[in-house]
Amino acid sequence: MADTADTRTPAEIEADIRRRREVLAETLDEIGVRVHPKTLVGDARAKVAANVDHTLGRAYVQVNRVVSDVRAQFVDIEGAPRLERIVPVALLAVGVVGLLTLSSRRRRG
């Protein structure tokens with residue numbers, strides 16, 4: 001059988017107990033802070049904010065991609081406007097605005 005006798009002095013044992021109590025007190029304080037309602041709400045808000053930031057970032061990238069694609073339809077590689085595509089779209093826009101104007105005048109009259 002192995003000898004398991006403790007060779008520490010009572011003062012060393014008391015010091016070990018004191019250190020262990022301090023560590024446990026710190027741990028309990030940390031747990032108290034983590035489960036405090038304000039901490040939980042703050043963590044939840046931070047998580048929501050991070051998700052919103054992520055979503056907005058993805059939306060920005062998508063919008064930027066769409067704008068680039070649309071721009072590529074109306075501008076050539078050198079940056080000159082493609083009149084063969086701009087003129088029909090401009091005529092369509094003028095026509096739609098004209099129809100909306102006429103329909104709003106008919107409603108008033």
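The structure described here is a predicted model.

The secondary structure of the protein chain consists of three helices and zero strands, arranged from the N terminus in the order α-α-α. The protein chain is more spread out than a compact globule, because its radius of gyration of 36 Å is well over the 13 Å that the globule rule gives for 109 residues. The C-alpha trace spans about 100 × 45 × 25 Å along the principal axes. With buried residues defined as those under 20% relative accessible area, 2% of the 109 residues of the protein chain fall into that class.

Helix H1 comprises residues 10-34 and includes Glu30. This residue belongs to a surface patch of negative charge, in which Glu30 is gathered with Glu22, Glu26 and Asp29. The relative accessibility of Glu30 is 43%, and the residue is therefore classed as partly exposed, the class that lies between the limits of 20% for buried and 50% for exposed residues. Over the whole protein chain, 18 side chains are positive and 15 are negative. The centres of these two sets of charges are located 20 Å apart.

Helix H2 extends over residues 37-74 and contains Gln62. A relative accessible area of 41% places Gln62 in the partly exposed class. The separation between Gln62 and Thr7 was also computed: these residues are 55 positions apart along the chain, and a distance of 70 Å lies between their C-alpha atoms.

Helix H3 covers residues 83-108, and Val87 has its place within this element. Val87 contributes to a nonpolar surface patch, the other members of which are Leu83, Ile86 and Leu91. The area of this patch is about 360 Å². For Val87 the relative accessible area is 43%, so the residue is partly exposed.

In summary, the predicted model presents an α-α-α chain with a radius of gyration of 36 Å. Its surface carries a patch of negative charge that includes Glu30, as well as a nonpolar patch that includes Val87.

Note on methods:
Residues numbered from 1 in each chain as written. Predicted model: local features only at pLDDT ≥ 70, side-chain atom pairs only at ≥ 80, totals over all residues. Heavy atoms only, no water. Patch = residues over 30% accessible without salt bridge, like charges linked within 9 Å, V, L, I, M, F, W, Y side chains within 5 Å. Areas by Shrake-Rupley, 256 points an atom, 1.4 Å probe, with all protein chains shown as cover. Salt bridge = Lys/Arg side-chain N within 4 Å of Asp/Glu carboxyl O. Lys, Arg positive; Asp, Glu negative; His and termini not counted. Charge placed at Lys NZ, Arg CZ, Asp CG, Glu CD. Helix = DSSP H or I, 4+ residues; strand = E, 2+ residues; numbered from the N terminus. Buried < 20%, exposed > 50% of the residue type's maximum accessible area, 1.4 Å probe, protein only. Rg over C-alpha atoms; globule rule 2.2 N^0.38 Å.
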